[in-house]
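Hi,

Here is the structure I promised to send over.

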Amino acid sequence: MDQIVQYVIIVVVLIIVAISIMRSKKKDFKIEINKLVSYLGGKDNIIDYEANKSRFVVTLKDVSLVNKEGIQKMGARGIVEIDNQLKIVLSENANQLKKHIDELKR
């Protein structure tokens, strides 16, 4: 019986630790997204954007405001600039990025 109680306590502690880690990663993700938006010249510089799997395509008012080096340091696998549009190859977070920018633009 004592072993069962110990196992239950261990499982509860592991669940609490897992929940804490997930919440902290979510906060870190939002901080990173805000940093990326600032590297793109701020939310007012973003005209249009779309996400497709790992690619994030953004149309900007002024591409000269973009900090490409900062975006690459954040983990972008590549950036292609065509006129006032950037195609940024990210990880699987491109759709989450789009959702967060939707919230910022409201």
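Leaving aside neighbours within four places in sequence, Leu-40 is in contact (heavy atoms within 4.5 Å) with Asn-45, Ile-46, Phe-56, Val-58, Leu-60, Val-66, Ile-71, Leu-86 and Ile-88. This is a predicted model, so local features need pLDDT of at least 70 and side-chain atom pairs count only at pLDDT 80 or more, while totals for chains, interfaces and linings use all residues. Residues are numbered from 1 along each chain as its sequence is written, and side-chain values use heavy atoms, with hydrogens and water left out.

Leu-40 also belongs to the largest nonpolar core, which has 20 residues; Leu-40, Phe-56, Val-58, Leu-86 and Ile-88 touch the most other members. Such a core is a set of buried Ala, Val, Leu, Ile, Met, Phe, Trp, Tyr and Cys residues joined through side-chain atoms within 4.5 Å. Buried is under 20% relative accessible area, exposed over 50%, and partly exposed in between, with a 1.4 Å probe and protein chains only. Two or more core residues come from each of helix H1 (2-39), strands E1 (46-52), E2 (55-60) and E4 (85-89), and helix H3 (94-105). Helices (H or I, at least four residues) and strands (E, at least two) are DSSP runs, numbered from the N terminus.

Now the charged pairs: there are two salt bridges, each a side-chain nitrogen of Lys or Arg within 4 Å of a carboxyl oxygen of Asp or Glu. Lys-68 pairs with Glu-81, with the closest N and O atoms 2.2 Å apart. That links helix H2 (68-73) to strand E3 (78-82), across 13 residues. Lys-73 pairs with Glu-69 at 3.3 Å, and both are exposed.

Best wishes
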